[in-house]
Amino acid sequence: MKILYIGEITGKSGVFCIKKLLSDLKKELAVDFTIAGSEGATGGFGIGKTHAVYLKKLGIDVLTTGEKAFFKKDMVDFIPKASFILRPANYPPNVPGRGYKIYQAGEHKIGVLTLLGVSGFTKIYLNNPFYYLHDIVDKLRKETNIIIFDFHAATTAEKKTMIHYAEGKVSAVIGSHSKVMTADEKILPGGTAAITDAGRTGSQTSVGGLEPCVEIKKFLSQIPERSRDCWDNLELQGVLIDVDPGTGKAISIERIKKSCVAEKEECMNEEL
C-alpha cells in the first residue's frame, strides 16, 4: 500500500503546487492514500475552512496540523465536522476536533495520528506526547495494522527520540514543523519508516515558504509585520511510503521533490 505524505503546504504558492501537481503525481506513483501537513496553508499561519475544503477537493485524504491548528477562528467550529482534519491528540480533552482516526483506503483501513512536541514552543505547551502514543496505537490496532504517525515538533532531538520510541509500534513516523526536508529517511529494524522532517510544499527560495525580505525586516526591527507569500522556486516535497497491509510494516520510504512552474499571471490570479 503506497501512502504519500506531503510536506507542509505553505501559503498560496503551496496550495498552487497541490493544484498543479497532485493529480498527476498520484497517478505516476500509484498512490493509495494521501496525507498532507497543512497548518501553513493560509498565509503561512494556520489553515482556514476554505483552504481545507479546497485541498480536500484536490485529492488530499487527510490534513494534519500542529501548534497553529486554531490560528484561524473558523477552524474552531469547522474541525468537529471535518473528519479529514486532525489536530494534535495531546490537546486538552475538551478541545474541538480529533487527533487520530481510522480511514478507509480502498480495501484497507489506515490509522492516522498526530501529536505535538513540547520542546521549543513558547506560545503553546501541550501534555507530554510520549504519554499518549501507546494508548492511541492500541486503539487503532484494534482495526488496522497500518498506522501513520505525524510528529509535529520543533527540535531534532525530540523528533529523533520519538522516532526510536515509536519503532515497531507504527508503520511510519514522519517529522513535521521545521519545513526543511532532511536526508535521513530509513526503515528501522522494527519495520517502521522514519524521516526527521518531510519538508515543505511551496517556495524553496524563501524563509519557511514566506518572502525573505519581510522576515529579515522583522528580525532587524523587532516590529511585527504581515508575512507575504513567496513564489520563487516552487516545489512539492514529501515522502512516499510503501507498507505491507498484512503486517503494517514499512517496505520502503522515498523522498519526493517535484518542481512546479508558475507563470506570473497564474500567481496574480490565484484566488485562494
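The buried residues of helix H4 are covered by several elements, including strand S6 (100-105), strand S7 (108-116), strand S8 (147-152) and helix H5 (156-166). Helices (H or I, at least four residues) and strands (E, at least two) are DSSP runs, numbered from the N terminus. The model is predicted: local features need pLDDT of at least 70, side-chain atom pairs count only at pLDDT 80 or more, and totals for chains, interfaces and linings use all residues. Residues are numbered from 1 along each chain as its sequence is written, and side-chain values use heavy atoms, with hydrogens and water left out.

Helix H4 spans residues 133-141. Its buried residues are Leu133, Ile136, Val137 and Leu140. Buried means under 20% relative accessible area, exposed over 50%, and partly exposed in between (1.4 Å probe, protein chains only). The four cover an arc of only 100° around the axis, so they lie on the same side of H4. The arc is that of the directions from the helix axis to the C-beta atoms.

Helix H5 contains lysine 159. This lysine counts as buried because its relative accessibility is 2%. Neighbours within four places in sequence aside, lysine 159 is in contact (heavy atoms within 4.5 Å) with Phe151, Ala153, Gly175, Ser176, Ser178, Thr196 and Asp197.

The loop between strand S9 (172-176) and strand S10 (186-187) holds histidine 177. Phi of histidine 177 is near 105°, a positive value in a residue other than glycine. Lysine 179 also lies in the loop between S9 and S10. Its phi is positive too, at about 65°, although lysine 179 is not a glycine. Lysine 179 counts as buried because its relative accessibility is 13%.

Two packed helices are described by the angle between their axes and the distance between the axes. Helix H1 (residues 11-29) packs with helix H2 (residues 49-57) at an angle of about 20°, and their axes are 10 Å apart. H1 is therefore roughly parallel to H2. Axes are lines fitted to C-alpha atoms, for helices over the stretch in contact, and angles run from 0 to 180 degrees between N-to-C directions. Angles under 35 degrees count as roughly parallel, over 145 as roughly antiparallel, 65 to 115 as roughly perpendicular and the rest as oblique. On the H1 side, Val15, Ile18 and Lys19 meet His51, Tyr54 and Leu55 of H2. By class, this contact of H1 with H2 has four nonpolar, one polar and one charged residues. Nonpolar covers Ala, Val, Leu, Ile, Met, Phe, Trp, Tyr, Cys and Pro; charged covers Asp, Glu, Lys and Arg; the others, Gly among them, are polar.
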